[in-house]
Amino acid sequence: MRISKFPQTIIFAVTSANHNNTRRNPLPLYQRAMMVQDFSKDIGIPSLVIPIDDIGQSPNFASYTIKKIEAETEMQLHLTPANTIVLCSTPVANLYSELGYSILPVERIPGREDKYHTKLPWEILEGLAKPVGKGENKTKEELVSYMDPTSIRLWNVYGIWDKIKMLFSDSVIGEDGDLTESRDYNTYVREMDTIAELKFNETKNYILPGRIGDIGCAVGSWIKLACENERLFESDFYGVEIARHLFQVCEQRKENGEFLNPNVFFLRKNAVSGLVYPAGTMNTIHSSSLTHEIESYGNRDKLLSFIQNRYLELAMGGVWINRDVVGPEDKEREVFVWFQDADGTNLGQEPKSFADLKEYLDSLSTKERFFRFQSDFRKEEGYVLRTKSIFVDGIEYHRMKLADVCEYLSKKDYTDNWESEMHESFCFWSFSDWKSHLESVGFQVSSKSHAYRNEWLVENRYLGKTKIFTSEKDVPHSKEDLIPMDFPVTHMLLLAEK
């Protein structure tokens, strides 16, 4: 800000102030503000740090920032093109130019949109995140030389170097710190709240008092219910959530006083790459509908690492309560499937846009929607769902693996999050597979653990839509050759004790 020939105040507008723990913005506002204030001590000019929330891609970002600065300073600072110069190297500078502000380009060479006289901040960040190979120490030293000593000092104090490497090396987490960028979080939050009581009632008798963690806590609903249980009044609760949208809801709920127990803490950490709790400290760890996402958006090694980390975090005698979907025991077995074709159109018009996808999918018959599922399911991951059509007494059946039938049944009605669901695998392990892998790292699986079938799904979404048959014949010739089969298990409750 300037009123005369010389600057009177420097305003550091810290953008995306409500973001942290992402590749785009790894550090929380308070750490960035500390570095800025430390850096500006020797400038000799008063400085202010103003947080600017992320509002996405917006042509009004420049005017929003100016208004936000006014609001954050109790309307004391009124910035105009006459009293303010903007320092900016990114294309955002054009938005300020359109408002009449003069621009100092910082790293950018004046008049050259594509030329810079020094490294850009994100180039330094990405370079520091790369693994150090043979002969690359000099390169790292060069990158560090671009950083101000105040930043280096705080990076050392807060261990930021390792955090940066973790964020940039983890393939599970997206640029904004989420598992998936295709999920409608408004829908997701409503679903989590709706089924929270079911999840809690299924797990409450197995929770051990003490230090209790909920990994993938979504909007904190499970913790909220646990806080109301008198058996757990003296416990401390630690919710972990990586998705920025959901973490913000948790923090807001705590601020609103929705948790009866004051000892509720939320952490925005990645539970896949390492420990989120100190080793040997937790009495109970809870996770729900999470492990299949790690398998789906990451890989098998990451899931196995997740399992190992939970074992290390538990105190002796502690329990990991894992509630999730599960595949049938004989998932590779080939079965014969009939799909209803009279509950919708079988000649649906392809949607013109993504916004029309739900309406299009909802219009399809169960049979026609299966064909769309067959085309979309884990296509990006290279999966091919193979079927063979046969007719028995004039009725069409589809021969396929039992696991593929279960995958379709579990996802066919989630048309509002279709693109996200198409990435997710539910049936990669059966209950016995899970038991075997847990025991291999040292867990004892309680006899109270079990796989089960969600009868509501059967009654409301499966019956009348699909029938599954087995046969003792490789090619059944009449309906007498087809043996009706019950719908398999859909979920599991695993109680893994250390």
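User: How many helices and strands does the protein chain have?

Analyst: In this predicted model, the protein chain has 18 helices and 17 strands.

User: What makes a residue of this chain count as buried, and what percentage of the residues is buried?

Analyst: A residue is called buried if its relative accessible area is under 20%. Of the 498 residues in the protein chain, 48% are buried. The accessible surface of the chain comes to about 25000 Å², and carbon and sulfur atoms hold 51% of it.

User: Which strands form the open sheet, and in what order?

Analyst: The order is β11-β12-β10-β15-β16, with antiparallel pairing. On average, neighbouring strands of this sheet are turned by 40° against each other, direction ignored.

User: Why are β11 and β16 said to stand at the edges?

Analyst: Strands β11 (388-392) and β16 (483-485) each have a single partner strand, so one side of each lacks a neighbour in the sheet.

User: How do you know that β10 and β15 are paired?

Analyst: Pairing requires at least two bridges between two strands. Four bridges join β10 (residues 334-339) to β15 (residues 466-470), and the two strands run antiparallel; therefore they meet the criterion for a pair. Phenylalanine 339 stands opposite threonine 466 in β15.

User: What makes a group of residues a nonpolar core, and which members of the largest one touch the most other members?

Analyst: The term denotes buried residues of the nonpolar kinds joined through side-chain atoms within 4.5 Å. The largest such core has 29 residues, of which Ile215, Tyr277, Ile307, Trp320, Trp434, Leu438 and Phe443 touch the most other members. Among the elements giving two or more residues are β6 (236-240), β9 (314-325) and α17 (431-440), while α12 gives the largest share, four residues.

User: Which residues is tryptophan 434 in contact with, leaving aside its neighbours within four places in sequence?

Analyst: Tryptophan 434 is in contact with Thr291, Leu303, Ile307, Asn322, Val326, Phe428, Trp429, Met492 and Leu494.

User: How many residues does the second core have?

Analyst: The second, separate core has 28 residues, including Leu361, Phe370, Leu402 and Tyr408.

Note on methods
Residues are numbered from 1 along each chain as its sequence is written. This is a predicted model: local features need pLDDT of at least 70, side-chain atom pairs count only at pLDDT 80 or more; totals for chains, interfaces and linings use all residues. Side-chain values use heavy atoms; hydrogens and water are left out. Buried means under 20% relative accessible area, exposed over 50%, partly exposed in between (1.4 Å probe, protein chains only). Accessible areas come from the Shrake-Rupley method with a 1.4 Å probe; for residues, only the protein chains shown count as cover. Axes are lines fitted to C-alpha atoms, for helices over the stretch in contact, and angles run from 0 to 180 degrees between N-to-C directions. Contact means heavy atoms within 4.5 Å.
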